Amino acid sequence: NQSSGVPACASCHDPKGAGIPVQFPALHNQHAEYTLAQLKLFRSGERANDAAKMMRVIAAKMTDQEMAAVSEYISGLN
């Protein structure tokens, strides 16, 4: 989302959600409910295992609707 400064997930997690080993985890085959919960935990700061606060900064810029849509999309990646 260019207007809010949220980068594409694929830029770090691969277009198919395979991730980049060691740096960025795979997302494919993840349940939407789990992904949504993790995004919310990053946004609240309860989850803080992201290098340089990368996911916390990104999640803070996302709306609930964006988080839900991304989570559903990710659940369909194979």
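Analyst: One term before we start: two residues are in contact when they have heavy atoms within 4.5 Å of each other. With that in mind, Asp-64 touches Lys-40 and Arg-43, leaving out residues up to four places away in sequence. Also keep in mind that this is a predicted model.

User: OK, predicted. How confident is the predictor in the protein chain, on average?
Analyst: The average pLDDT is 93, and 100% of the residues score at least 70.

User: Where is confidence lowest, and where is it highest?
Analyst: The lowest is helix α1, residues 10-13, with a mean of 92. The highest is helix α2, residues 32-44, at 98.

User: How many helices and strands are there?
Analyst: You'll find 4 helices and 0 strands. Reading from the N terminus, the order is simply α-α-α-α.

User: And what is the radius of gyration of the protein chain?
Analyst: It's 12 Å. A compact globule of 78 residues would have a value near 12 Å, so the chain agrees with that. As for the box, the C-alpha atoms fill roughly 30 × 25 × 25 Å along the principal axes.

User: How much of the chain is buried?
Analyst: Buried residues are 27% of the 78.

User: Back to Asp-64. Which helix is it in?
Analyst: Asp-64 is in helix α4, and one of its contacts, Lys-40, sits in helix α2. Lys-40 also has a contact with Met-67, again ignoring neighbours within four places in sequence.

User: Is Asp-64 buried, partly exposed or exposed?
Analyst: Partly exposed, because its relative accessibility is 44% and that class runs between 20% and 50%. Lys-40 is partly exposed too, since its relative accessible area is 37%.

User: How far is Asp-64 from Leu-39?
Analyst: In sequence they're 25 residues apart, and in space it's 9.4 Å from C-alpha to C-alpha. For another pair, take Lys-40 and Cys-9: 31 residues apart in sequence, and 16 Å between their C-alphas.

User: What share of the contacts joins residues at least 24 apart?
Analyst: It's 51%, counting contacts between residues at least 6 apart in sequence.

User: New topic: pockets. What volume does the largest pocket have?
Analyst: About 790 Å³. Its lining has 36 residues, and the ones nearest the centre are Cys-9, His-13, Leu-27, Leu-39 and Met-55.

User: Which helix gives the most to that lining?
Analyst: That's α2, with 5 residues. Helices α1, α2, α3 (54-60) and α4 (64-75) each supply at least two.

User: And what classes of residue line the largest pocket?
Analyst: There are 23 nonpolar, 9 polar and 4 charged residues in the lining.

Note on methods: Residues numbered from 1 in each chain as written. Predicted model: local features only at pLDDT ≥ 70, side-chain atom pairs only at ≥ 80, totals over all residues. Heavy atoms only, no water. pLDDT = per-residue confidence, 0-100. 1 Å grid on protein atoms, 1.4 Å probe; cavity = no way out; pocket = protein on both sides within 12 Å on 5 of 7 lines; lining within 4 Å. Points joined across faces, edges and corners; volume = space filled by probe spheres on them. Nonpolar A, V, L, I, M, F, W, Y, C, P; charged D, E, K, R; others polar. Rg over C-alpha atoms; globule rule 2.2 N^0.38 Å. Buried < 20%, exposed > 50% of the residue type's maximum accessible area, 1.4 Å probe, protein only.
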